[in-house]
Number of protein chains: 4
Amino acid sequence: MKRPYIIGVMGGGSATVEEIDAAYKLGRLIAEQGWILLNGGRAAGIMEASAKGANENGGLTVGILPDAGPVGTSDFIQIPIYTDMGNARNNINVLSSNIIVACPGGTGTISEIALALKNGKKVICLKFKPGDVFKTNEQQGMLFYANTPEEAINLIIINLKNIAHG
Amino acid sequence: MKRPYIIGVMGGGSATVEEIDAAYKLGRLIAEQGWILLNGGRAAGIMEASAKGANENGGLTVGILPDAGPVGTSDFIQIPIYTDMGNARNNINVLSSNIIVACPGGTGTISEIALALKNGKKVICLKFKPGDVFKTNEQQGMLFYANTPEEAINLIIINLKNIAHG
Amino acid sequence: MKRPYIIGVMGGGSATVEEIDAAYKLGRLIAEQGWILLNGGRAAGIMEASAKGANENGGLTVGILPDAGPVGTSDFIQIPIYTDMGNARNNINVLSSNIIVACPGGTGTISEIALALKNGKKVICLKFKPGDVFKTNEQQGMLFYANTPEEAINLIIINLKNIAHG
Amino acid sequence: MKRPYIIGVMGGGSATVEEIDAAYKLGRLIAEQGWILLNGGRAAGIMEASAKGANENGGLTVGILPDAGPVGTSDFIQIPIYTDMGNARNNINVLSSNIIVACPGGTGTISEIALALKNGKKVICLKFKPGDVFKTNEQQGMLFYANTPEEAINLIIINLKNIAHG
């Protein structure tokens with residue numbers, strides 16, 4: 001069996017209309033590639049929008065929830081994983097993704113970028129500039145910037161070629 | 001969207017030929033019902049056999065791994081979730097399942113039965129007798145016994161009717 | 001530096017007067033040995049009583065809480081560790097203890113006994129009979145039974161001699 | 001019982017001589033205040049140095065380890081808490097601290113600053129400039145900068161006054 005790639009989409013629980021549109025489109029494009037979309041699973045912001053984009057376009061969606069049960073879970077998540085671990089679940093999000101796209105967000109999203117890099121995972125920032133804190137990682141070819149969902153998909157395709165995968 | 005049910009299959013990392021056969025058949029029957037099979041994800045014992053049974057018969061398989069990455073993951077797991085949490089991931093296994101089937105196992109399986117009941121989840125013991133430690137739970141209609149995979153499936157069907165599900 | 005031993009005391013959130021008395025006495029005896037008492041940290045049942053027994057008799061008490069913050073924490077816990085992990089914190093309880101005493105409890109306590117044994121830790125059941133589910137572990141010299149707190153302390157002393165400790 | 005304050009000290013597993021000296025001094029000053037020092041517990045970099053500074057000057061030290069057991073634990077940690085959770089334990093570090101000091105570090109330390117702020121904890125950066133990613137948090141009075149261990153201690157004293165504590 002060849003496993004489908006799992007693309008992690010991180011980002012804030014609240015987002016602007018433009019950010020929501022980009023996250024939906026990103027979800028759609030991930031589904032069209034035949035990849036699985038994984039995110040934080042809640043019915044809010046980037047999580048809801050990216051899951052909706054994938055789910056409405058034939059993609060499979062996995063949510064890693066901070067909660068113990070379904071209250072607050074996005075309706076567009078087909079496979080909810082309940083951790084009951086709060087923000088500690090952010091580490092599971094990144095470990096379970098072959099590559100991570102970071103959409104605009106706050107400290108939760110920053111923690112996910114940092115944990116991804118700490119665990120040796122590549123990160124693509126989509127219309128999100130976390131400042132120069134990750135400059136070294138950028139120089140090491142672990143962090144990338146994209147201005148559109150299409151650019152993010154291209155960066156994923158290029159980088160997946162170099163990722164060992166079962 | 002109506003989410004498919006997720007059936008957790010717990011059991012030992014080592015198992016007899018007869019136990020392996022029963023786990024494979026259970027996996028197959030779960031797939032035939034259109035349910036998702038969730039287990040501990042490793043390439044060993046009940047985990048490997050039940051994932052194989054589901055995967056080879058058109059089912060979707062999710063593994064909640066104790067590890068940080070793919071070494072030791074069953075080839076029959078399509079969606080591996082890497083927790084890097086060792087045995088603490090047992091709690092995620094049971095929280096993420098609508099109902100749990102406990103096949104023969106050791107202390108890891110006992111911990112999963114106990115955590116499932118602690119979290120209010122129903123448990124069906126398939127050819128596995130953990131003794132009278134869970135007698136109260138049995139009397140409360142939370143723990144059941146099955147002698148064959150078919151009996152386990154019937155007990156799942158009966159009990160899923162009373163489980164709220166998104 | 002020689003670290004003090006850490007004794008894990010597990011047991012139910014509700015308990016009889018007699019069980020509370022035994023847990024208090026166990027906490028006192030642990031403190032008198034110069035050991036640290038570690039438990040689940042909540043202001044209820046065996047946790048509250050054992051922490052009180054140690055704390056009121058000069059002992060140091062560590063609580064591994066399922067919660068994210070202090071609501072519900074026992075006043076007799078001097079060092080509360082907040083995990084925000086619900087029952088998954090049970091694995092941390094047993095990993096962080098050199099030896100575990102299991103007082104009467106329900107499925108949470110059973111999960112802790114099972115996780116302790118799974119992780120290679122010795123368990124002393126104090127006035128608690130979990131049935132024959134752990135018979136093999138008893139035969140392997142990993143599980144013991146005590147009828148009084150004094151007997152439990154003696155069993156701890158005997159077994160600590162064979163435990164590597166930094 | 002009035003619990004002692006717990007001060008979290010975060011920072012890299014590798015560090016310059018100057019950073020090691022500052023971390024040792026910070027540990028000593030924390031001990032002299034009667035506070036408990038909490039860190040990631042490993043025998044490396046800022047963790048080792050800050051634990052040594054506290055331990056050699058009469059302070060109590062708690063380490064929240066990513067590991068399942070004592071290999072790699074700092075000798076200056078008196079109370080090691082074994083999580084077996086890898087980097088997910090970073091969330092426990094910050095939840096269990098009344099306030100956090102971030103010494104120079106890499107992505108692990110950045111994740112801890114982000115998780116601390118996400119959980120509503122105040123962070124003092126000691127000779128560490130994570131760039132403008134946390135500018136909003138600084139403006140909200142949640143993130144502070146110190147140039148010396150003494151300045152960090154003063155900032156802790158000022159901020160502890162406004163933190164509810166059991």
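Which residue in strand 4 of chain D is the bridge partner of Gly63(D)? Select Gly63(D) and then Pro80(D), because Pro80(D) is that partner, strands being DSSP runs of E with at least two residues, numbered from the N terminus, just as helices are runs of H or I with at least four. This is a predicted model, in which local features need pLDDT of at least 70, side-chain atom pairs count only at pLDDT 80 or more, and totals for chains, interfaces and linings use all residues. Residues are numbered from 1 along each chain as its sequence is written, chains are lettered from A and ligands numbered from 1 in the order in which they are written, and side-chain values use heavy atoms, without hydrogens and water.

Next, select strand 3 (residues 61–65) of chain D, which pairs with strand 4 of chain D in the parallel sense over four bridges; two strands pair if DSSP finds at least two bridges between them. Widening the selection brings up an open sheet of seven strands in chain D, with parallel pairing and the order 4-3-2-1-5-6-7. Its edge strands, strand 4 (79–82) and strand 7 (143–146) of chain D, each pair on one side only.

Finally, select Ile81(D), which is in contact (heavy atoms within 4.5 Å) with residues including Leu38(C), Ile81(C) and Val62(D), leaving aside neighbours within four places in sequence.
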